[in-house]
Amino acid sequence: MEQPTMIELRSDTFTLPTRAMRQAAFDAEVGDDVYGEDQTVNRLERLAAQMLGKPAACFMPSGTMANLASILTHCPRGTEILVGDESDIYNYEAGGASVVGGLVYHPVPTNPDGTLAIAALDEAIRDASDSQFAEAALICLENTHNRCGGVPLPLAYLAEVREFATARGLAIHMDGARIFNAAAALGVAPTEITQYADSLQFCLSKGLAAPVGSMAVGDERFIYRVRRLRKMLGGGMRQIGMMAAPALVALETMVERLHDDHRLARRLAEGLAQIPSVHIDLQTVQTNIVIFEVRDKRYTWKTFLDALQAEGVRMGELGHGRIRAVTHYGISSEDIDRAIAAVERVLAPTRTSSN
Ligand SMILES: *Cc1c(COP(=O)(O)O)cnc(C)c1O
């Protein structure tokens, strides 16, 4: 299908399902998944568990619900979850763990490389023998880390957090919305990463280009409880093999090509770095996310984005006035060159109007 000529870099959630995905949805064998009788969902859950190296998985409507159900499964009411202050869980998920789960978010400072320092985690864990403190139950890590520019967490760091968490009796949940991007960037199998987490969620609806869905992944007991929470939260779905089928196509055919997105993000970043008023740390550009700042007196981030859109390119803002561009399946190398040229035009010294 022809798409409009707008170059859509706001998010990899704008990916459209491929023809093979639409066909798979059309042809899907379905049943009532709340009864566990949708064979397409069952296949998806087995494949996801296997690819991530855990015993079980549960198909979820969204990453937000997968994170929430996972957190609620790990944490008794009234306990604390240690979350990065730049994390999606802390910033973009409507405070669900607190509203629904009666949990306390304990924000921990995020390092520029997406890690939470062990010393900072240690400091966040309060003295359990002191009855005035809530007890910590869970550490949440984000991998790749969106607001840190899509960086993958180093394996050596994950090993360190694992050791720390085990010593302190805490579980680790990984918000691996873009876990396959992390694996691609590190050049390792996803299982090399997930071995350090008790549970994780990953999104099918982002770079993998499926229309909806996330997978919660963990051991059998964990997934049994996640499944009940999914029902409680209103996420029990019926003939949802219609959506599991495109998700299977995503897992089977869209993982290897993530390298292409990473190459294009790099190309975009290097092009932008040539523009004097663009400030960008090329070091952070390791996957499909490019974050930069525009320092030009004629523009705020908002008027810059508006001017860019008028030139046929959409990007987004993600806090602190930083601009984010995300490459994905729907973006070609020509699109990247056109996007760089559009930014150049908007920021050209001779341009007088700021739109
Ligand atoms: C997108 C995203 C989520 C949430 O997924 P939804 O399906 O949009 O609810 C969670 N964490 C990270 C890091 C994400 O990028």
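Guide: About 80 Å³ of space lies in the largest cavity, where a cavity is, on a 1 Å grid over the protein atoms alone, a set of points where a 1.4 Å probe fits but cannot get out, and where a volume is the space filled by probe spheres set on the points, with grid points joined across faces, edges and corners. This is a predicted model, in which local features need pLDDT of at least 70 and side-chain atom pairs count only at pLDDT 80 or more, while totals for chains, interfaces and linings use all residues. Residues are numbered from 1 along each chain as its sequence is written, and side-chain values use heavy atoms, with hydrogens and water left out.

The lining, made up of residues with an atom within 4 Å of a point, consists of G84, S87, I89, G114, L116, C140, L141, E142, H145 and D175. Strand β5 (residues 136-142) supplies the largest share of this lining, 3 residues; strands are DSSP runs of E with at least two residues, numbered from the N terminus. By class, the lining has 4 nonpolar, 4 polar and 2 charged residues, with Ala, Val, Leu, Ile, Met, Phe, Trp, Tyr, Cys and Pro counted as nonpolar, Asp, Glu, Lys and Arg as charged, and the others, Gly among them, as polar.

Definitions and conventions:
1 Å grid on protein atoms, 1.4 Å probe; cavity = no way out; pocket = protein on both sides within 12 Å on 5 of 7 lines; lining within 4 Å. Helix = DSSP H or I, 4+ residues; strand = E, 2+ residues; numbered from the N terminus.
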